Amino acid sequence: MRVAVDQDKCVGSGQCVLAAERVFDQRDEDGVVVLLDVQPPKELDEEVRQAAAVCPALAIALSE
């Protein structure tokens, strides 16, 4: 799975970090999402899908 984020859409809620902290982080200055791993290991697929599902701004895109 490949992950992409749209930092312009991000509202800094941090839900992605709570769902998949090994894949997402937030910038200290404004809370905008930072993608740590564009192609995370398969064992994190469920966490990454959950992060995308709970993102209030729909700023996370997944592709298989």
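Predicted model: local features only at pLDDT ≥ 70, side-chain atom pairs only at ≥ 80, totals over all residues.
I checked Glu43 in more detail. Glu43 sits in the loop between strand 3 and helix 2. Its relative accessible area is 59%, so I log Glu43 as exposed.

**Salt bridges.** I found four salt bridges in the structure. Side chains of opposite charge can pair when their charged atoms come close.

I began with Arg27 and Glu29. Their closest N and O atoms are 3.6 Å apart. Arg27 is partly exposed at 28% relative accessibility, and Glu29 is exposed at 63%. I then noted that Arg27, Glu29 and Asp30 are linked in a network of salt bridges.

Next I took Lys42 and Asp45, whose side chains meet at 3.2 Å, N to O. Asp45 counts as buried because its relative accessibility is 6%, under the 20% limit.

I turned to Arg49 and Glu64. Their salt bridge spans 2.9 Å, N to O. Arg49 lies in helix 2 and Glu64 in the segment after strand 4 (60-63), so the pair ties together parts that are 15 residues apart in sequence. Arg49 is partly exposed at 35%; Glu64 is exposed at 72%.

**Val38.** I located Val38 in the loop between strand 3 (33-35) and helix 2 (45-54). Val38 is partly exposed, at 38% relative accessibility. Leaving aside neighbours within four places in sequence, I see Val38 in contact with Met1, Arg2 and Val3. Val38 and Arg2 are 36 residues apart in sequence, and their C-alpha atoms are 5.6 Å apart.

Definitions and conventions
Residues numbered from 1 in each chain as written. Heavy atoms only, no water. Helix = DSSP H or I, 4+ residues; strand = E, 2+ residues; numbered from the N terminus. Buried < 20%, exposed > 50% of the residue type's maximum accessible area, 1.4 Å probe, protein only. Contact = heavy atoms within 4.5 Å.
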